[in-house]
Amino acid sequence: MAFPHMTARLWWILWKDLVSECRSRRAWPAMLLLGIVVAFTFAGQMDLPPDEQKRVAGGLVWLAIFLAGMLALERSFASERENGCWQGLRLCPVSSHAIYLAKLAVNVVALAALEGVLIPLFVVLSGVPLLAHPAAMLLVAALGNVALAAAGTLLGALAAGSRNTAHLLPLLLLPMAVPAVLAAAEATRLAMDGQFGTPWWQWTELLAAFAVLFTTIGIMLFDFVIEE
Amino acid sequence: MHARSGSLRRRCQSIGNAAVVAMVLVALAAAFLVAPTERTMGDAQRIVYLHVAVAWVGLAGALLMAAAGAAYLVRRNLRWDHWAQAAAELGWLGATLTLVTGSLWAHAAWNVWWTWDPRLTTALILWALYAGCLLLRGGVDDPHRRARLGAVLAIAGAADLPLVVMATRWFRGIHPAAPAMEPSMRAVLLASVLGFSALFALLLVMRRHQLELQRLVEELTESEKEMPC
């Protein structure tokens, strides 16, 4: 398929999913609400000296993003399985790569929206300087989003093919995404302190490697997942 | 002629099974009777002979599961999926035993049952990956669909493992990394790894054969239902 055609078709699916979510409001409000509740809960436990707060804040922020983001990741394929939408999508003249990349893009947008709420909320509630170096935080957040969305989209599609759809995704994604969550948390912690030496680059590179690896695996194997 | 070759095959199988059981018993006996008692930890150190062997089996299961999954995706033959299923079950058993024996050793050495050391974390993640694979497989009825989804998850898990090892290693760890050993201790460890690898291979072949028979029975039952009365 020619690249411009694939990009156009990718955009159609992305647009369809965004419009569908705006109209039905099935996943994103629940995701944001869960994120806010988790942020309040974690911030309540961060009554620590400033140094200790900085040490744990990165991990807690990314754990909150992971837990709340799971709702959007789980819905991205479960919603297609309802009312025969999946058959309709499969009948469209769209390659499986375009479907995977479009779903990945929708999940990246969902996670970015979640971070747009959660990161400022953590700053307000606990006073940790998460936005002290916005460019570095933006880079870590962007890579973290692609990493979690790439793994989550592939595993979400796998879980949607099973009877235990709702319970399976967290069980599959949590162990698989450990390197991404760990790298994002450590890179966030170092960025807060303004330490942009070798360790920060090491963690950022690991995050990028995870994102590239899972996007590649997703593109290569997605066809096998959606085969009927 | 056919009956005689079948009987010869069964006899060879029995001899092979007995040899594997003997290898494991010899390895266990050597761990308790031949290996010298370690100076600092005493008898608790003998757990290492079992721990290293089952940890190796746990890792080998993951690699085999991914390789068999990839072979299924290429060949579309359910025999490969039976290898993957058998490797998943035995690998999960190996990973569980690794965590249990590791915990027992950790309590004796560090006075804690668990600590977030990189290797312990990696072992736990491997265990969770196996559990996820088995849960996913358990939730799909159609054999070919189960094989496809299981293969994709196994390949993704195997590709993820080096990153898991790297990420967890960058934290400070307290797990001993291949400590220096007496030659007799090293020989016992090698015997144990060989013995348990042979046991793993034997159980793998037996379980795969059982899954094959199970599929044949299911196919026969289905065809019987479809036959007109």
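Visitor: Leaving aside neighbours within four places in sequence, which residues is A:Ser162 in contact with?
Guide: This is a predicted model in which local features need pLDDT of at least 70 and side-chain atom pairs count only at pLDDT 80 or more, while totals for chains, interfaces and linings use all residues. Residues are numbered from 1 along each chain as its sequence is written, chains are lettered from A and ligands numbered from 1 in the order in which they are written, and side-chain values use heavy atoms, with hydrogens and water left out. A:Ser162 lies in the loop between helix 6 (134-160) and helix 7 (165-176) of chain A, helices being DSSP runs of H or I with at least four residues, numbered from the N terminus. With contact meaning heavy atoms within 4.5 Å, the partners are A:Leu168, B:Leu136, B:Gly139 and B:Val140.

Visitor: Is A:Ser162 buried or exposed?
Guide: Buried means under 20% relative accessible area, exposed over 50%, and partly exposed in between (1.4 Å probe, protein chains only). The relative accessibility of A:Ser162 is 6%, so this residue counts as buried.

Visitor: How much area do chain A and chain B bury between them?
Guide: The contact takes 29 residues from chain A and 29 residues from chain B. Buried area is the accessible area (1.4 Å probe) that two parts lose on being put together, summed over both. Here 72% of it is on carbon and sulfur atoms, and the total is about 2700 Å².

Visitor: Which side chain does B:Arg148 meet in a salt bridge?
Guide: A salt bridge is a side-chain nitrogen of Lys or Arg within 4 Å of a carboxyl oxygen of Asp or Glu. The count between chain A and chain B is two. For B:Arg148, at 3.6 Å from N to O, the partner is A:Glu227.

Visitor: How far apart in space are A:Leu207 and A:Ala183?
Guide: A:Leu207 sits in helix 9 (residues 198-226) of chain A and, at 1% relative accessibility, is buried. Beyond four places in sequence, its contacts include A:Val140, A:Leu143 and A:Ala183. A:Leu207 and A:Ala183 are 24 residues apart in sequence, but their C-alpha to C-alpha distance is 5.7 Å.

Visitor: What is the relative accessible area of B:His82?
Guide: B:His82 belongs to helix 3 (residues 78-110) of chain B. B:His82 is buried because its relative accessible area is 7%.

Methods:
Helices (H or I, at least four residues) and strands (E, at least two) are DSSP runs, numbered from the N terminus.
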